[in-house]
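Subject: Structure handover

Hello,

I am passing on the structure below, followed by notes on what was found in it. Please read the notes with the model open.

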Amino acid sequence: MIPGWFLRVFVAKNPIHVILVEKDRQRLRLLKYEDHLEAVAEYPCATGENEGRKLFSGDSRTPEGIYFITKSYTDNKVTIFGKRAFHLDFPNVFDKNSGVKGDGIYIHGTNRNLEPVSTKGCITLRNRDLDALVRFLETDTTPVMIIPGISAFEGIETIEFVDSQGDIVKTLLASDEMGRDHTEFESLYLVTDGIQSVAVGEFILYQKKYPLSQGYRRSYLSFDRDKGWTPIERICRAKPLSPEQIVARHPKDKEKIIEFIETWRKAWESKDIDTYIGCYSDSFRHERNGCMDLAAYRAYKDRLNKRYKYIKVDVSGVSVRWTRNGAKVSFHQVYGSDQYRAEGRKTLWLVFKGQGWGIERESWSPAQVGRKGSR
């Protein structure tokens with residue numbers, strides 16, 4: 001049985017998977033946490049020819065500790081690595097701090113018969129077993145724990161971490177950037193073998209209330225009974241969210257779109273140029289009037305604001321249709337000023353930008369045009 005302190009889960013919107021390699025039994029188990037921890041698959045494996053923790057290249061030992069996949073390879077040729085190979089980040093920070101050296105440790109398949117304790121340090125599985133496991137082996141995020149055996153957990157004092165201490169784990173993972181902005185963790189947990197401990201989080205980074213990027217963080221931890229938990233190294237990978245991902249993360253809320261249109265309308269009517277232009281995406285192009293970019297469009301609208309004594313804009317019958325990148329919004333618009341009046345159908349194509357919805361393109365179909373002027 002795996003001890004309860006092996007995995008502390010604080011946030012789990014999706015199942016969390018951990019690979020456990022037991023060298024004494026030459027067994028690899030796939031563990032899943034979804035409300036509770038359970039083994040959902042088990043495969044025979046082969047590890048290094050020699051017993052003990054790996055210390056240097058060429059000692060034919062398999063390392064022991066907590067590792068993560070850095071890269072995966074597929075090879076259709078007949079090689080000693082079988083069909084697939086997953087490179088592990090050995091030596092990790094704990095190994096390096098202990099003077100351990102080496103590289104080239106993989107989880108890989110084999111085109112030969114699987115023989116126990118037969119590798120130079122890698123973890124080898126039958127090709128068909130690795131094929132079944134591959135969808136759970138995620139680069140950077142799936143912990144791979146290699147232990148001499150479950151009996152190695154016996155006698156280790158309980159790690160002082162309770163399930164209510166998720167905020168402490170967030171602090172151990174946090175950077176200055178994450179402190180300044182709001183971070184929503186989609187998974188947050190701590191995994192430990194009693195010697196090595198790693199906090200892991202997958203997150204969405206927000207500015208104000210809008211999602212900007214997604215990624216993961218790992219924090220390698222040391223524990224002192226007087227000082228508590230201390231991060232000794234942090235690793236972060238993040239990338240901006242695509243427009244499709246940003247939109248997918250938000251409910252298709254028509255009321256929010258209507259609120260946005262009202263903000264845009266009021267800013268136009270009150271000649272609040274900063275708020276008005278802030279409703280447009282940086283990629284906006286005005287196809288009429290010479291295909292102006294956003295800067296040129298701002299200058300154009302600013303000139304009109306100074307020309308007209310007042311502006312009145314009425315909007316009614318708002319229709320929202322969701323698109324792959326955002327929303328297409330159409331409505332009946334009546335525009336009036338001391339010099340010009342126009343009535344017709346306005347259509348806005350919205351995308352989600354870092355600070356909220358933004359107008360990327362607009363079109364106008366006049367139903368009734370007053371005397372010559374500009375909108």
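Phe-68 lies in strand 5 (residues 65–74); helices (H or I, at least four residues) and strands (E, at least two) are DSSP runs, numbered from the N terminus. This is a predicted model, in which local features need pLDDT of at least 70 and side-chain atom pairs count only at pLDDT 80 or more, while totals for chains, interfaces and linings use all residues. Residues are numbered from 1 along each chain as its sequence is written, and side-chain values use heavy atoms, with hydrogens and water left out.

Strand residues

Phe-68 is buried, with a relative accessible area of 1%. Here buried means under 20% relative accessible area, exposed over 50%, and partly exposed in between (1.4 Å probe, protein chains only). From C-alpha to C-alpha, Phe-68 and Thr-142 are 6.1 Å apart in space, although 74 residues apart in sequence.

Leu-188 is part of strand 10 (residues 182–192) and counts as buried, at 0% relative accessibility. Its C-alpha atom is separated by 9.7 Å from that of Tyr-216, which is 28 residues apart from Leu-188 along the chain.

Ser-197 belongs to strand 11 (residues 197–207) and is buried too, with 4% relative accessibility. The side chain of Ser-197 makes a polar contact of 2.8 Å with the side chain of Thr-192. A polar contact is a pair of N or O atoms within 3.5 Å; within protein, one must be able to donate a hydrogen and the other to accept it, and residues adjacent in sequence count only if both atoms are side-chain atoms.

Loops

The peptide bond from Phe-90 to Pro-91 is cis, with omega near -5 degrees, and Pro-91 sits in the loop between strand 6 (84–88) and helix 1 (93–97).

Gln-26, a residue other than glycine, has a positive phi near 50 degrees. Gln-26 is in the loop between strand 2 (16–22) and strand 3 (27–33), and is buried at a relative accessible area of 11%. Val-117 also has a positive phi, near 35 degrees. Val-117 is placed in the loop between strand 7 (106–108) and strand 8 (123–124) and is partly exposed, at 44% relative accessibility.

Helices

In helix 3 (residues 166–173), the buried residues are Gly-166, Val-169, Leu-172 and Leu-173. They cover an arc of only 115 degrees around the axis, so they are on the same side of helix 3; the arc is that of the directions from the helix axis to the C-beta atoms. Asp-167 and Thr-171, on the other side of helix 3, are exposed.

The expected span is 1.5 Å times one less than the number of residues. Ile-257, Phe-260, Ile-261, Trp-264, Arg-265, Ala-267 and Trp-268 are the buried residues of helix 6. Their arc around the axis is only 165 degrees, which puts them on the same side of helix 6. At the start of helix 6, a side-chain oxygen of Asp-253 comes to within 3.0 Å of the backbone nitrogen of Glu-255. Just after helix 6, Lys-271 has a positive phi of about 60 degrees.

Helix 9 (residues 294–307) has 14 residues and reaches 20 Å from first C-alpha to last, close to the 20 Å expected. Its buried residues are Leu-294, Tyr-297, Tyr-300, Lys-301, Leu-304 and Asn-305. Seen down the axis, these fall within an arc of 140 degrees, so they line one face of helix 9. Ala-295, Arg-303 and Lys-306 are exposed on the other side of helix 9. At the start of helix 9, a side-chain oxygen of Asp-293 reaches to within 3.3 Å of the backbone nitrogen of Ala-295.

Cavity

The count comes to 1 cavity of 30 Å³ or more. A cavity is a set of points, on a 1 Å grid over the protein atoms alone, where a 1.4 Å probe fits but cannot get out; lining residues have an atom within 4 Å of a point. The largest cavity is lined by Ala-267, Trp-268, Lys-271, Asp-272, Ile-273, Tyr-276, Lys-301 and Asn-305. Helix 6 (254–269), helix 7 (273–278) and helix 9 each give two or more residues to this lining.

Regards

Key. On a 1 Å grid over the protein atoms alone, a cavity is a set of points where a 1.4 Å probe fits but cannot get out, and a pocket is an open set with protein on both sides within 12 Å along at least five of seven lines; lining residues have an atom within 4 Å of a point. Grid points are joined across faces, edges and corners, and a volume is the space filled by probe spheres set on the points.
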